[in-house]
Amino acid sequence: MTETLTDDLKYIVFQLKEKEYAIPVNKVHSIEKIEHITRVPGVSSYIKGVLNLRGVVTPIIDLRLRFDIEEVAYTDSTRIIIVSFDDMEVGLIVDTANDVIDIKAEAIEPQPEVVGVDEAEYINGVAKLDKRLLILLDLEKILQRDDLKTTYGNEG
Amino acid sequence: MEMNQYLEVFIEESKEHLQSCNERLLDLEKNPEDMNIVNDIFRSAHTLKGMSATMGYEDLASLTHQMENVLDAIRNHKLSVSPELLDIVFQATDDLEAMVFSIADGGDGKRDVKEVVEKLKLIEKGESPSQSSAKSEVAATATAIAPASAKAKSNYDEFEYTVLQQSKEQGFEAFEITIALREDCLLKAARVYMVFEVLEKVGEVIKSTPSVDQLEEEQFDQEFTVSIVSKESLEDLQKMVMKVSEVEKVEVVTISLDGDRSNQEEIVEEVIVDEVAKISSTDSSSEEQKKSATTSTTTKQPNNKTIRVNIERLDILLNLFEELVIDRGRLEQISNDLKNQELHETVERMSRITGDLQNIILNMRMVPVETVFNRFPRMVRQLARDLGKKVNLEIIGAETELDRTVIDEIGDPLVHLIRNALDHGLETPEVRRANGKNEEGSVVLKAFHSGNHVFIEIDDDGAGINRRKVLEKAIKNGIISEQTAATLSDKEVFDLIFASGFSTADKISDVSGRGVGLDVVKNTIESLGGSISIDSKEGKGSTFSIQLPLTLSIISVMLVEIAKEKFAVPLSSIIETAIVKKDEILNAHNQKVIDFRGKVVPLLFLKDIFEVPSQGEGDDFYSVVIVRKGDKMAGLVVDSFIGQQEVVLKSLGNYLTNVFAISGATILGDGQVALIVDCNALIK
């Protein structure tokens, strides 16, 4: 209700290697603990495989690998954020999912020049909140598959 | 919201009525003298007219009205049924169908129906409609006459007037109810809806001012007027409507008709009343009689109570249910470990119930093939006329049920095969007579269950497939060589017509394709996990037999293990499994092959294809699953077989499309996902 009045939007905040990222809460379906993931052959390494999410087979992306950050072993705090975008439902593996916060529209700065790392191309903007720097992710770009290779397929 | 509710009902019912019109019209063609059929059609048309007028679809209403007039004339023996007449009526139903579909797609249901209406008018006047299509001047004169018959009637148009008139003759009273809502009424549309609900219980609403959709959108002040036919008294109606809250004032007025209708109309009425009497005489209670009298005009199928559920919701239900099944598995495990008798019994009971539940849920997705078949009689009729052939189509087993997803896909291939049978299979009446056959060719469309499959057969008693012609064509088109041609069995020859770039018809007609069709048919059916075969005797006819899986959502698979990963191979593509010694493997052109029952079968190592991370070499034996795609075979090398299982097929979602050699996924008893191997992609 309130967000229609102001330009505040609720965001889910999560961490990847000391940095904090945010996705709009309305794109987030649920947050799950890590479970058995079935590997899918012949896709990019950042697609870890598929997971049974209450009967729905859901693809899982390891965001660390997507952003070319080194992989770490999953811990108790590792979470899978299930996001839906454009008819797609995908899980994102993150180090931890901390909390939900409001970000005012004016706190968002569009061009993240300072960030200058590999994930730059997936970023929508950055938000400064007190002393925290939140990186707002562009789901559309994250979910773009650049791996549609046809390694074996030469069949019609 | 409410408008949608009405609209959906309207569309569904209209479709039903149109379907029954179509069916009965075909019956009528066979028995032109049977007045019961005419009555049935009349009633369907009549209801359709009423409904569309209420919904404000005027083109629809005016066309049905005209159609009704023609039917009426037939009923009164003023006209006799001729193929030309039926052609026009069919054309009218086609137009009606197009309009209803346009409404269903969110259109306004408008369509230029003048031509058909004119033709119907001409028929009604006993003139030959073929003249009108040839000479437009005749049509012009007809239009000149037409307005004379259309008399202006207070604020009711002709259809509404007829409805009022007819109801009156059936002992219904017509009322005009003016309802005023309180000024502080907030949900006017909701109140309107409640009023309509009340009124529809006691009678039939004929007209409302403003129209229903305007009312739904609250485009009125405080008052609106509804015309209704009912057997209730004036006072009762008033009381009933007053019970709806926030209604301030109700005025009920009896509508008097100046009743100067031709006696023709009355005869019509007698027929309807007779019908009603027949129906009601079977019911014992007077209450029932009353009901049947009110509903007889709307002809609803009474024993067909269904609700429409979005298929997505069913999928969600199925998903949740599967979760339950997985938990059940865990529970069974726990109860086995605990060895508690009571727990054990409870779990056992639960297992049985969930089993039943699963069957029910899966059955909900099943739809009778009738939904596909029922459009064929029309199509065959039209086609037969176009081709100048005489055809009798027989449909057997229309109640056979198939999974919804299969139903959606099977229509086009069937259309193609039937067209094929009519165009290429059946001969012209002259040829048939010369060959000592009945002039009328017969096409039988048959569906039946057998085991886990549904079979659909299309059987014609036409010329059959000419082996020599097929071979000639195949050789000419470079599909086979002359040497192989001699060695082929009849069956193999027939299969050639499924090869792409093949057409046996000497002439290309626009009825069945240009030889691009049958291979598409075959592909579609195979993509559904089915198969198609032909049996034919020259001079006697051909049978196309399609085998389809009962459902697409559940398939039988062989679970196999590669390192620690589990994969499922569809049983439909497995020929058999084998254990092969390492030293039995041969090398041919850099390809490892085995000699399997005298055939050379290439081996595919799934471990490499699926890049399974594994440690070290296995033992001296390979476990091989022999799979096929058409005539080609391949051996899939896996680490071990787990066993056969029925699994629920799931897609990988919209994100993971185009994964090589994986056609989907399934969830195993332990809650893990196993991928389903697409054997067709593995065999080139």
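**Exercise 1.** In which hand of crossing, left-handed or right-handed, does α17(B) pass α18(B)?

*Solution.* This is a predicted model, in which local features need pLDDT of at least 70, side-chain atom pairs count only at pLDDT 80 or more, and totals for chains, interfaces and linings use all residues. Residues are numbered from 1 along each chain as its sequence is written, chains are lettered from A and ligands numbered from 1 in the order in which they are written, and side-chain values use heavy atoms, with hydrogens and water left out.

Begin with the elements, where helices (H or I, at least four residues) and strands (E, at least two) are DSSP runs, numbered from the N terminus. Helix α17 of chain B covers residues 376-387 and helix α18 of chain B covers residues 404-425; the two pack at an angle of about 30°, with their axes 10 Å apart. Axes are lines fitted to C-alpha atoms, for helices over the stretch in contact, and angles run from 0 to 180 degrees between N-to-C directions. The crossing of α17(B) past α18(B) is right-handed, a term used if the near helix is turned clockwise from the far one by less than a right angle, with anticlockwise giving left-handed.

**Exercise 2.** Describe how the rings of Phe373(B) and Phe376(B) are arranged, and state whether these residues are buried or exposed.

*Solution.* The whole structure holds 6 aromatic pairs over all chains. Rings of Phe, Tyr and Trp (its six-membered ring) pair if their centres lie within 6.5 Å; planes under 30 degrees apart count as stacked, over 60 as edge-to-face and the rest as tilted. For Phe373(B) and Phe376(B), the ring centres are 6.0 Å apart and the planes stand at 40°, so this pair is tilted.

Next, apply the accessibility classes: buried means under 20% relative accessible area, exposed over 50%, and partly exposed in between (1.4 Å probe, protein chains only). Phe373(B), at 1% relative accessibility, is therefore buried, and Phe376(B), at 0%, is buried as well.

**Exercise 3.** Work out why strand β2 of chain B is called largely enclosed, and find its partner strand.

*Solution.* Strand β2 of chain B spans residues 203-209, and because 5 of its 7 residues are buried, the strand is largely enclosed by the rest of the structure. Two strands pair if DSSP finds at least two bridges between them; here 6 bridges join β2(B) to strand β3 (residues 223-230) of chain B, and the two run antiparallel. Within β3(B), Thr225(B) is the bridge partner of Thr209(B).
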